[in-house]
Amino acid sequence: GTILPAIVLVGEVAGETNRDPSVGDNPLTLLVGVMYRVNRRVSVDSSLTAGLTSPSPDYGASLGVSYTF
């Protein structure tokens, strides 16, 4: 949802099929992040992730810059 016109909260649950058949669970992660629109073309984003199943990484973080052409 939008907090201010330039700030947006995002969330995602992502899963995939495990390529290792010896592991019973499939990786499943939860991502929560924020995007800040610097101007019409440039956004800065950051997020935190948490693994929801054992084959997923326990946690993670990202920071990025997007440019719209």
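**View 1. Charged side chains in the predicted model.** There are 4 positive and 6 negative side chains here, and the centres of the two sets sit 24 Å apart. Lys and Arg count as positive, Asp and Glu as negative, with His and the chain ends left out. Each charge is placed at NZ of Lys, CZ of Arg, CG of Asp or CD of Glu. This is a predicted model, so local features need pLDDT of at least 70 and side-chain atom pairs count only at pLDDT 80 or more, while totals for chains, interfaces and linings use all residues. Residues are numbered from 1 along each chain as its sequence is written, and side-chain values use heavy atoms, with hydrogens and water left out.

**View 2. The overall fold.** Along the sequence the pattern reads β-β-β-β-β, with zero helices and five strands in the protein (helices are DSSP runs of H or I, at least four residues; strands are E runs, at least two; both are numbered from the N terminus). The radius of gyration is 15 Å, well over the 11 Å that the globule rule gives for 69 residues, so the protein is more spread out than a compact globule. That radius is taken over C-alpha atoms, and the rule is 2.2 Å times the number of residues to the power 0.38. The C-alpha atoms fill a box of roughly 50 × 25 × 15 Å along the principal axes.

**View 3. Zooming in on Ser43.** Ser43 belongs to strand 4, residues 42-51. Ser43 is buried, at 11% relative accessible area (buried means under 20%, exposed over 50%, partly exposed in between, with a 1.4 Å probe and protein chains only). Leaving aside residues up to four places away in sequence, Ser43 touches Tyr36, Arg37, Val38, Gly64, Val65 and Ser66 (contact means heavy atoms within 4.5 Å).
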